[in-house]
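Please look over the sequence and the structure below before reading on. The paragraphs that follow take up confidence and charged side-chain pairs.

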Amino acid sequence: MTSIASPAAVAQPSAARNRLVLVVYTAAIFVSALLLFSVQPLFTKMVLPRLGGSPAVWSVAMVFFQALLLAGYAYAHVLTQLRSRVIPVAIHLLLLGFALLSLPLSIAGHWGDPPTSGYAVWLLGLFAASIGLPFFALAANNPLLQAWFVRTGHPSGPDPYFLYASSNIGSFLALLSYPLLIEPIFSLRTQNLIWAGGYGLLIALIAGCGVLLLRSPVTVASLLQNDVTDAPAPRWLLRLRWIFLAAVPSGLLIAVTAHISTDVAAAPLLWVLPLSLYLLTWVLVFQSRPLLPHKWMLALQPLAIAGVVVLLAFGGEQNLALTLGGHQLCFFIIAMACHGELARTRPAAKYLTGFYVALSFGGMVGGLFAGLIAPFTFSWVAEYPILLAFAALCRPGVTERWPQLTRWYWIVLAAIAIALLVPAGMTGKVTTYLEDHRVYVAGAVGVLAALLALLLNGDRWKVFATAALALVLIRAYPADDGRVETVRSFFGVHKIVVTSDGHYHVLMHGTTIHGAQKYLNADGSKVTGRPEPITYYHKDGGIGRAITAIRERKGAPLKVAVIGVGSGTLTCAAEPGEEWKYFEIDQTMVDTASDPKYFSYIKNCAPDFKPVIGDARLTFAKEPDGVYDLIIVDAYSSDAIPIHLATEEAMAIYKAKLAPQGAVVMHVSNRHLELESVVVGIADANDMKSWVYNEDSGRDDEYIFATDVVVSAREEADVGKLASSNKWTETEPTDGERVWTDDYSNILGAVYRRLRDGE
């Protein structure tokens with residue numbers, strides 16, 4: 001007797017087809033994520049030369065990418081609401097096809113030079129006009145393909161979140177491979193062509209996904225939809241918590257990136273490290289069997305917050321491993337705890353796209369706060385500690401272990417706050433003690449927050465308040481010795497420090513000194529007369545010796561171009577009758593250097609000071625050729641270096657502007673990057689000889705520092721007696737070291753050389 005199968009049985013796909021569906025959808029999502037996140041460092045690196053290599057370029061780029069990710073998720077959510085299966089597939093393939101026509105990537109040709117203000121808005125417009133369409137199309141793929149996968153009738157359809165892990169694996173690999181493989185090997189043009197080819201492959205894969213969806217049995221898809229119909233819709237309070245849980249680590253990502261890139265370089269190497277960890281957390285939390293259990297991460301999270309408190313309390317100069325490793329490890333743990341909460345509370349597959357919209361909206365909110373709002377609101381990097389404190393609120397609600405003890409906690413915490421904060425506005429032994437032991441004081445309060453969470457299972461609001469107090473203490477008792485004022489712009493936070501004895505005013509960016517001026521003599525009397533250049537610009541240092549040699553060689557007043565103003569020290573290196581012209585990208589730096597209450601170099605030595613504002617690669621290129629006896633490039637003192645000022649093309653511009661016997665002086669002092677060989681290489685590529693100066697003055701207590709300087713010229717005679725000096729070494733290009741160009745640079749190699757040489 002022949003049996004009659006039920007409709008559901010007739011419609012059931014075969015095991016072979018299920019494997020095909022899984023392979024094609026996983027491959028499409030993986031390739032999409034690979035393209036989505038490899039384009040971020042690729043295109044941002046293309047844009048860097050337009051805005052001086054500032055780390056803020058990456059922060060604004062992250063805001064743009066997060067905003068477009070939200071738009072893509074919203075677009076996917078709308079498409080999944082359509083009952084037809086044909087229309088969404090057709091619309092999305094059409095969108096991808098139009099995006100393909102805009103490749104390979106390029107900066108929008110009609111986009112002009114940056115304005116003198118409003119950089120962030122200009123940059124957002126540049127990104128939108130240049131890569132908005134292809135990125136938007138990519139952004140929609142993850143939720144859209146997961147929703148299609150649910151409708152194919154695959155057995156894993158009811159819980160497709162494992163595909164989100166696949167997506168983030170692709171993203172993680174894209175970012176990790178960029179600084180380690182792609183950037184050191186391929187030029188930007190080659191990277192661009194490879195990316196465009198990958199986009200074409202992706203369209204083919206998504207077309208395959210569409211075909212598999214359209215050929216899937218309608219009855220199976222209908223039954224699957226019915227299975228999840230009864231799943232309750234997420235409450236609005238839960239949706240708001242999703243947004244908050246996504247916003248905190250997203251904002252922390254930008255804050256941590258800005259913090260670590262300030263003292264190394266605005267380069268993809270340092271951008272992608274925290275972003276790779278951020279994506280890795282998404283991979284780990286959405287695994288069916290997480291490698292790192294969520295309860296472990298919740299237990300470690302308060303310790304990570306305390307760890308950052310201690311790192312921030314140390315302040316000052318830290319080694320590279322501590323700066324990169326410590327902050328990123330703590331960030332990883334905090335992000336794991338936040339994203340683990342999102343994975344734990346994820347909804348049924350029916351509400352998948354809405355869940356992703358909430359996540360992307362939270363990511364955009366966090367990015368907007370850290371990347372755009374905070375830099376215009378605070379004069380210092382306040383967003384990092386603020387978001388760190390908010391991370392404590394990402395913990396789940398708990399029942400306190402010993403409520404009879406914790407109910408008194410608010411009174412105890414208030415007493416601690418009063419005892420520790422009141423002395424901050426006073427003088428005396430208590431204040432001095434707290435200042436001298438700031439690391440222990442702030443660290444102890446941070447550890448108290450961790451103990452409250454771990455031992456007493458304390459309420460998250462109490463943990464938040466304790467962590468916030470620890471972070472306020474860091475601000476109340478700063479690491480800098482003396483009075484501090486901060487000035488913030490798109491290009492970073494600058495500190496003006498008046499030493500505790502009042503003898504020096506010091507200009508700092510991150511932990512790097514950019515200039516200083518002596519105001520009081522050893523006996524306490526005021527310094528009078530023309531200020532003496534100190535720090536890297538002392539007459540006996542590399543820059544001072546180079547200026548003297550070129551001046552003596554010419555035997556007449558010099559015509560000099562200086563890229564970078566700093567504290568205005570070099571204005572006092574000029575002699576009467578000489579013509580010195582300055583180029584600076586940051587107006588706030590000019591305002592600070594010109595303010596006599598901070599520094600008086602400009603007031604005393606260049607009262608008619610009128611620098612050219614804008615990126616030097618753009619503004620200096622407009623100068624007439626063959627007029628400058630000396631070009632001083634002073635933009636490389638340890639923190640975020642503008643890479644585009646140290647390329648073969650940049651040196652070609654400098655050479656073109658030199659007078660027949662002129663020379664280029666490049667200040668390349670840097671704790672983390674070896675740049676002497678880079679400059680020698682780009683000079684040699686332009687048929688120029690180079691001499692390197694590297695000497696420690698041994699006078700750090702007088703704010704006269706060691707300097708690394710490279711002088712490049714067409715002929716040996718152009719640098720005068722410098723060529724025969726035993727303090728200068730004529731240097732040839734390093735064999736096998738690739739010359740940096742606008743199309744290629746290798747920050748990782750520069751870091752390795754510095755570590756290898758043990759400097």
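Is Asp 625 buried or exposed? Asp 625 counts as exposed, at 52% relative accessibility, where buried means under 20% relative accessible area, exposed over 50%, and partly exposed in between (1.4 Å probe, protein chains only). This is a predicted model, in which local features need pLDDT of at least 70 and side-chain atom pairs count only at pLDDT 80 or more, while totals for chains, interfaces and linings use all residues. Residues are numbered from 1 along each chain as its sequence is written, and side-chain values use heavy atoms, with hydrogens and water left out.

The chain averages a pLDDT (the predictor's confidence in each residue, from 0 to 100) of 84, and 90% of the residues score at least 70. Over residues 1-11 pLDDT stays under 50. Where pLDDT is low, the predicted coordinates should not be read in detail.

By the rule that a salt bridge is a side-chain nitrogen of Lys or Arg within 4 Å of a carboxyl oxygen of Asp or Glu, the count comes to 16 salt bridges. One of them joins Asp 625 to Lys 657, with the closest N and O atoms 2.7 Å apart. Because Asp 625 lies in the loop between helix 24 (616-619) and strand 8, and Lys 657 in helix 25 (residues 648-657), the pair ties together parts that are 32 residues apart in sequence; helices (H or I, at least four residues) and strands (E, at least two) are DSSP runs, numbered from the N terminus. Lys 657 is buried, with a relative accessible area of 6%.

Arg 241, Glu 341 and Arg 344 are linked in a network of salt bridges.

Note on methods. Contact means heavy atoms within 4.5 Å.
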